[in-house]
Structures are given as C-alpha cells and as structure tokens.
Amino acid sequence: MSQDYQPETMTRAQAEQLPGTVLLDFGANWCSICNAARAHVEAALAEHPQVRHIRIEDGKGRPLGREFGVKLWPSLFLLRDGQVQAQLVRPESTEAVRAALAAALPGSPAA
C-alpha cells in the first residue's frame, strides 16, 4: 500500500467529481512528518479497502493544495462523492485517522 506522493494531476473540480469515499493526502516525499504519519494512515486505511487513497505532492506553485487550504503537511481530506466530510492535519495516531474515516464513510452521521 505504501506509495510516494505524486505530482498533482487533477483540479479541484475533478476531485469533486470522484465517486465514493476518497482520501486526498497532501504532503511531500522528503517531509519527515509526512513519513511519520504514513504508518497511521495506512493502518487505518487497511480496515477500509473501499476508500481510494490519493497521495498528492504539495508545495509552492501547486494550486490544488491551496484550493483545499493546505498550510501544513500532511493534510488529509476525506471526500464522499466529491464533498469534504472530514479534514485532518498532521495525524499523530491511527485512531485519529480512524475517526476522520468514520466521519466520511457512508452510514456516518454526516451521511
């Protein structure tokens, strides 16, 4: 499941067209905080294989992160059918990621 952050390849409008539950994970491959959070994100996602996980390399001149208001890495945005359901910045535990996932999955109170 481990993958590197990839250069952005979508616009905000395209992100909002993604069906189902999607985790947008903004960060950078060289970011030590991103690398530390990776295990928490992957552990929580292992329990929800239906969630699509997209790691997006963020940085100067990258508009998608700015459109989502990213200021710190990693920043996680959970979308359900294109709508932001939960946001998490610099997760320090698997439980924090689980809680954000729970808020975004169908059947949650936000549904």
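A crossing of two helices is called left-handed if the near helix is turned anticlockwise from the far one by less than a right angle, and right-handed if clockwise. Helices here (H or I, at least four residues) and strands (E, at least two) are DSSP runs, numbered from the N terminus. The model is a predicted one, in which local features need pLDDT of at least 70, side-chain atom pairs count only at pLDDT 80 or more, and totals for chains, interfaces and linings use all residues. Residues are numbered from 1 along each chain as its sequence is written, and side-chain values use heavy atoms, with hydrogens and water left out.

Helix α2 (residues 32-46) packs against helix α4 (residues 94-104) at about 50°, and their axes lie 8 Å apart. Axes are lines fitted to C-alpha atoms, for helices over the stretch in contact, with angles running from 0 to 180 degrees between N-to-C directions. The α2 and α4 crossing is right-handed. On the α2 side, the contact (heavy atoms within 4.5 Å) is made by His 40, Val 41, Ala 43, Ala 44 and Leu 45, and on the α4 side by Thr 94, Val 97, Arg 98 and Leu 101.

Then there is strand β4 (residues 75-80). Six of its six residues are buried, so β4 is largely enclosed by the rest of the structure; buried means under 20% relative accessible area, with a 1.4 Å probe and protein chains only. Ser 75, Phe 77 and Leu 79 point one way from β4, while Leu 76, Leu 78 and Arg 80 point the other.

Strand β4 runs antiparallel to strand β2 (residues 21-27), joined by six bridges; pairing takes at least two bridges found by DSSP. Asp 25 has Leu 76 of β4 as its bridge partner. Strand β5 (residues 83-89) also pairs with β4 in the antiparallel sense, over six bridges, and Arg 80 is partnered there by Gln 83. In the hairpin of β4 and β5, two residues sit between the strands, and Asp 81 takes a positive phi near 50°.

Key
Buried < 20%, exposed > 50% of the residue type's maximum accessible area, 1.4 Å probe, protein only.
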